[in-house]
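Reader: Hi! Could you walk me through this one? I'd like to start with how the chains meet.

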2 protein chains.
Amino acid sequence: MQDSPLIEPRELQFQLFEVLDALALTRRERHAEHSRETFEAAVEAAHEIALREFLPHNRLADEHEPRWDGQRVQVLPEVQRALRAFCDAGFTAADQDVAEGGMQLPVLLTQACLSLFKSANTATTSYVGLTMANANVIARFGTASQRHRYLNALRSGRFFGTMALTEPQAGSSLSDLATTATPLPDGRFALKGQKVFISGGDHELGENIVHLVLARIAGAPPGVKGLSLFTVPKWHVHEDGSLGERNDVALAGLIHKAGWRGTTSTMLSFGEQGRCIGELVGGPGQGLACMFHMMNEARIGVGMGATMLGWRGLRASLQYARERRQGRPPGSKDAMQPQLPLIEHADVRRMLLAQKACVEGAYALGLYCARLVDEQRTGEDAAVRADAGRLLELLTPVVKSWPAQWCLEANSLAMQVHGGYGYTREYPVEQFWRDNRLNMIHEGSHGIHALDLLGRKAMLEDGAALAVLGREFAATVQSAQVREALREHADALATAWADVERTVHALRPVLSEDAVRALANAHLFLEAFGHTVMAWTWLRQAVVAADALPGAAAADTLFYRGKLQACHWFFRWELPRVPPQLQLLRQLDDSVLAMQPDWF
Amino acid sequence: MQDSPLIEPRELQFQLFEVLDALALTRRERHAEHSRETFEAAVEAAHEIALREFLPHNRLADEHEPRWDGQRVQVLPEVQRALRAFCDAGFTAADQDVAEGGMQLPVLLTQACLSLFKSANTATTSYVGLTMANANVIARFGTASQRHRYLNALRSGRFFGTMALTEPQAGSSLSDLATTATPLPDGRFALKGQKVFISGGDHELGENIVHLVLARIAGAPPGVKGLSLFTVPKWHVHEDGSLGERNDVALAGLIHKAGWRGTTSTMLSFGEQGRCIGELVGGPGQGLACMFHMMNEARIGVGMGATMLGWRGLRASLQYARERRQGRPPGSKDAMQPQLPLIEHADVRRMLLAQKACVEGAYALGLYCARLVDEQRTGEDAAVRADAGRLLELLTPVVKSWPAQWCLEANSLAMQVHGGYGYTREYPVEQFWRDNRLNMIHEGSHGIHALDLLGRKAMLEDGAALAVLGREFAATVQSAQVREALREHADALATAWADVERTVHALRPVLSEDAVRALANAHLFLEAFGHTVMAWTWLRQAVVAADALPGAAAADTLFYRGKLQACHWFFRWELPRVPPQLQLLRQLDDSVLAMQPDWF
């Protein structure tokens with residue numbers, strides 16, 4: 001699979017075993033049965049299924065959106081076959097206990113496997129991604145009966161799952177959700193309300209669909225504290241697992257999107273006929289807490305999805321740039337000379353290098369965060385686990401938002417490398433670009449994550465998470481400073497980090513006095529902080545590459561030099577964006593606040 | 001039309017009469033019959049037809065691409081009706097002599113009128129845009145017979161025109177065009193070759209299609225010097241204007257694009273049966289020179305098209321942000337309080353302000369360049385006309401590329417303001433974004449314009465054009481410096497310009513010694529120079545607004561404050577991108593050149 005359009009095995013090997021020391025995880029009790037061989041076998045199985053079942057229908061599913069035939073939602077049969085292969089190979093339960101039919105893999109490996117499916121076909125993968133998240137919530141908060149009726153069915157692919165949060169009038173503002181849940185004598189609830197943008201909300205891919213619905217129990221307080229979570233199956237499920245009657249959940253419409261067309265997106269009506277029955281998951285008022293249990297992983301998942309689309313664009317444009325000949329070097333006008341491969345033109349190579357820096361950097365960060373989830377769960381002591389949790393909280397807005405923004409930009413560069421052909425639907429890159437545009441919007445929009453990062457995460461526990469990350473930065477800077485080739489970058493990173501810390505310090509008192517003013521430019525903080533984190537991510541990779549280079553075999557030498565050059569490029573071309581942004585933040589620039597709505 | 005989704009009359013009035021002094025043009029002999037009233041009547045007629053005939057089918061044409069029915073290319077009937085209305089109102093000949101049936105409008109007014117059609121429907125407008133460019137070339141270089149047979153037919157909408165340059169193996173590299181033209185005994189030529197991405201290449205919108213084809217006469221030298229231009233009509237035209245036999249031009253395929261779907265894009269085969277007859281336009285080997293005659297205007301047109309898509313996104317997202325309520329201010333968690341209109345959230349207002357700065361800045365620059373074309377043609381003396389020509393040469397890469405890049409970004413922000421709804425095809429913004437992506441690719445890609453700007457335009461005549469622009473900058477800086485509110489920005493612009501000049505000075509000797517190295521980062525120069533030009537464009541608008549503000553009526557006060565704030569925002573948030581880019585340029589940063597193809 002060395003020529004795979006998906007992630008190259010060499011890259012995965014570098015991230016898993018050279019940068020993130022995945023083997024250390026096998027020394028923990030939970031993963032003691034695993035080894036490099038079992039990890040690689042899982043990745044290879046994922047790669048093989050992704051190539052065979054997910055990749056071939058990626059464009060087809062874009063061209064043939066799910067459609068309502070008057071009776072049911074029709075999805076391409078290829079989608080169902082791919083999902084069946086995914087479930088049969090056990091990936092739905094990759095990180096679950098062996099005792100429960102899982103592989104007991106670390107989250108790091110689970111995300112690595114998922115990344116292969118996403119790079120092959122992000123829309124088809126989303127059906128199982130949502131189902132896994134749904135099952136994890138039920139596993140953690142569901143009653144014994146709910147776990148019994150749903151878990152195996154969800155993880156075997158008999159049932160699929162959704163997350164039903166958004167309503168027509170409430171997207172970013174979850175506190176305004178209006179769906180109601182009225183208690184019934186038997187302890188269950190009658191739900192009534194409208195949900196919108198529900199991915200996988202209706203289809204015939206399995207026997208049943210289990211919606212996890214946020215709703216407000218009659219009499220509950222307004223705001224997010226009044227929200228509870230409910231299982232609402234499309235078909236009721238008896239204790240023996242057999243299907244009962246149809247529940248009162250109706251498809252109100254299919255949503256037609258710019259991209260990501262292979263995934264059914266729906267408007268759903270709950271309780272139009274007053275007979276929509278749901279069961280509480282977790283306690284009353286615990287709805288958002290239950291949801292947030294899986295939110296960090298879901299957001300890593302969105303970032304990884306964005307990264308994988310970026311990855312495909314990089315590989316496609318790299319291949320095109322090597323094969324397509326066009327033009328000659330600047331200054332050479334001799335039309336009798338053969339034309340150069342595109343990759344020989346500096347500006348094309350810039351567009352490839354920029355993509356590489358975005359995509360491989362984002363990939364390294366996504367896997368690093370997956371590794372933090374493992375550290376949080378199985379780290380050696382409580383202090384390690386707590387610090388991993390803090391880092392994860394702090395980095396979640398970045399690992400979701402940075403790839404969503406910059407791998408979209410990478411996809412645009414991939415189109416540009418293709419010239420006019422890149423704008424046609426005969427080449428795959430325009431679909432990657434359309435698909436990727438969703439990622440800045442869903443699972444918390446860019447602006448929401450900016451507020452979360454500056455207003456909450458950076459300030460939590462008096463900046464404890466920031467301090468933990470600062471120690472990680474210091475360690476990387478220290479190990480890079482002793483390596484001649486990286487000293488300049490180590491110094492630049494130390495300077496950038498000091499600038500970030502100074503900025504947070506300056507904003508902290510303003511935040512309590514005048515939150516509106518302190519947060520007006522939160523977007524700049526997400527950008528500046530994100531770029532600083534990405535520089536650090538690159539320097540960590542560069543340290544590994546620099547150390548491995550002297551004794552490396554020929555092919556590996558090329559690989560490591562590529563890593564070092566991408567790091568170099570990021571520090572030279574991208575990191576300089578940061579200081580002016582942090583300066584505006586410290587100055588509490590009021591250009592935006594001063595703009596009055598009626599001046600537009 | 002105050003609530004028009006197209007350009008507001010107030011904005012047009014500001015640009016035409018307050019910033020660009022369009023009335024001064026009526027004091028020139030060529031436009032002496034015109035007045036403010038006739039200018040406004042032309043704009044109002046354009047606005048009315050654009051709203052009535054172009055706007056309503058913009059989405060429809062996106063959803064129903066032109067298709068081949070086995071016999072002909074089918075285009076929506078709405079397109080034909082709109083084009084008929086455009087031609088009947090005389091816009092195809094807006095800037096032509098009255099004696100030839102034109103309106104004898106300045107190019108400034110012609111572009112202002114076209115901008116209204118483009119904002120309503122960029123794909124439908126492109127059919128007439130191409131036809132007008134085609135007619136202008138024939139008017140300038142055609143024989144009496146060609147002018148007689150084609151001009152009236154093209155300008156009345158009986159015939160349509162194309163520009164057939166690109167071939168499958170030669171897009172950016174025109175010197176590699178391979179279509180051949182073999183002389184026939186009667187003075188005409190037999191053409192043979194393939195062309196691709198030919199917009200409007202086949203359809204039944206009029207009686208005939210006149211292709212302007214670049215081809216190489218047998219025995220001509222290789223490279224661009226061997227290219228000649230030919231008229232190749234789909235149907236031959238007799239001297240009396242009646243149609244003769246079908247020419248040997250065949251549709252080889254329709255191209256399916258990511259956006260801009262309303263415009264037929266084709267692959268064409270010339271001379272498959274050896275019977276494709278064309279006539280020379282201009283002299284042998286003069287093909288590219290003839291084409292370049294209309295290239296500057298075409299490129300202003302592309303920039304204006306990008307700007308108009310940006311404009312529509314701004315207006316759509318502004319309306320949405322005023323109507324849609326979501327969330328509460330930071331720090332306010334009381335869910336009983338009503339939700340705020342989106343525009344009250346700082347980050348949403350930032351996205352609107354950023355769009356305004358991009359879109360109105362690009363519009364001002366586009367119209368300024370159109371005004372330069374007038375200056376070049378009817379300026380009072382030879383020196384003025386020559387300097388206008390120099391400025392136009394220098395600014396052409398910017399007026400095409402800056403809007404293509406930044407109004408695309410504006411369209412992405414417009415989607416983001418809409419949240420999940422912006423990603424659906426129920427709202428118009430995702431189409432604007434898809435449509436706009438083409439503009440960085442066609443009419444010279446971004447990278448080609450970067451090479452042109454740094455390698456040629458900035459260096460021409462020992463930097464003469466740069467010196468003329470420097471004088472314009474100095475005049476603006478001087479008039480801004482005496483206005484308290486603008487002094488800071490005037491100083492910033494002077495500094496940025498000095499930085500640009502220093503950079504060009506540093507690169508000049510390198511360019512002759514090592515063109516590859518000097519031009520490796522040309523992309524950065526296009527970006528940095530473009531942003532500096534845009535800052536200047538904003539400062540010019542701000543000077544006008546600041547002067548008008550004290551005595552302005554209430555509604556005008558809001559308008560001028562908006563201009564001043566957008567200027568302020570651009571200087572604070574955007575101009576700081578420039579110094580690090582120019583620094584990398586002066587350092588001849590080799591990050592890209594050092595990256596080896598096999599390191600990817």
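Reader: How many residues of chain A are in contact with chain B?

Author: Keeping in mind that this is a predicted model, 77 residues of chain A are in contact with 76 residues of chain B.

Reader: Which helix gives the largest share of chain A's side?

Author: That is helix α17 of chain A, residues 554-574, which supplies 8 residues.

Reader: And how does that side divide into nonpolar, polar and charged?

Author: On chain A's side there are 38 nonpolar residues, 24 polar and 15 charged.

Reader: Nice. Switching to the core, which residues touch the most other members?

Author: The largest nonpolar core has 405 residues, and Leu539(A), Phe570(A), Leu539(B) and Phe570(B) touch the most other members.

Reader: What does Phe570(B) touch?

Author: Leaving aside residues up to four places away in sequence, Phe570(B) touches Ala357(B), Gly361(B), Met534(B), Ala535(B), Trp538(B) and Leu575(B).

Reader: Now α8 of chain A, please. How many residues does the helix have?

Author: Helix α8 of chain A covers residues 287-323, so to speak a run of 37 residues, and spans 53 Å from its first C-alpha to its last, close to the expected 54 Å. There is also a kink of about 40 degrees in α8(A), centred on Met295(A).

Reader: Why call α8(A) largely enclosed?

Author: Because 29 of its 37 residues are buried, α8(A) is largely enclosed by the rest of the structure.

Reader: Last one: how far apart are the C-alpha centres of domains 2 and 3 of chain A?

Author: Those centres lie 31 Å apart. Their contact takes 13 residues from domain 2 of chain A and 11 from domain 3 of chain A.

Terms used. Residues numbered from 1 in each chain as written. Chains lettered and ligands numbered in written order. Predicted model: local features only at pLDDT ≥ 70, side-chain atom pairs only at ≥ 80, totals over all residues. Helix = DSSP H or I, 4+ residues; strand = E, 2+ residues; numbered from the N terminus. Expected span 1.5 Å × (residues − 1). Bend = angle between axes of the 7 residues up to and from the residue. Buried ≥ 20, exposed ≤ 12 C-beta atoms within 10 Å, placed from the backbone. Core = buried A, V, L, I, M, F, W, Y, C linked by C-beta atoms within 7 Å. Contact = placed C-beta atoms within 7 Å. Nonpolar A, V, L, I, M, F, W, Y, C, P; charged D, E, K, R; others polar. Domains from an automatic or database assignment.
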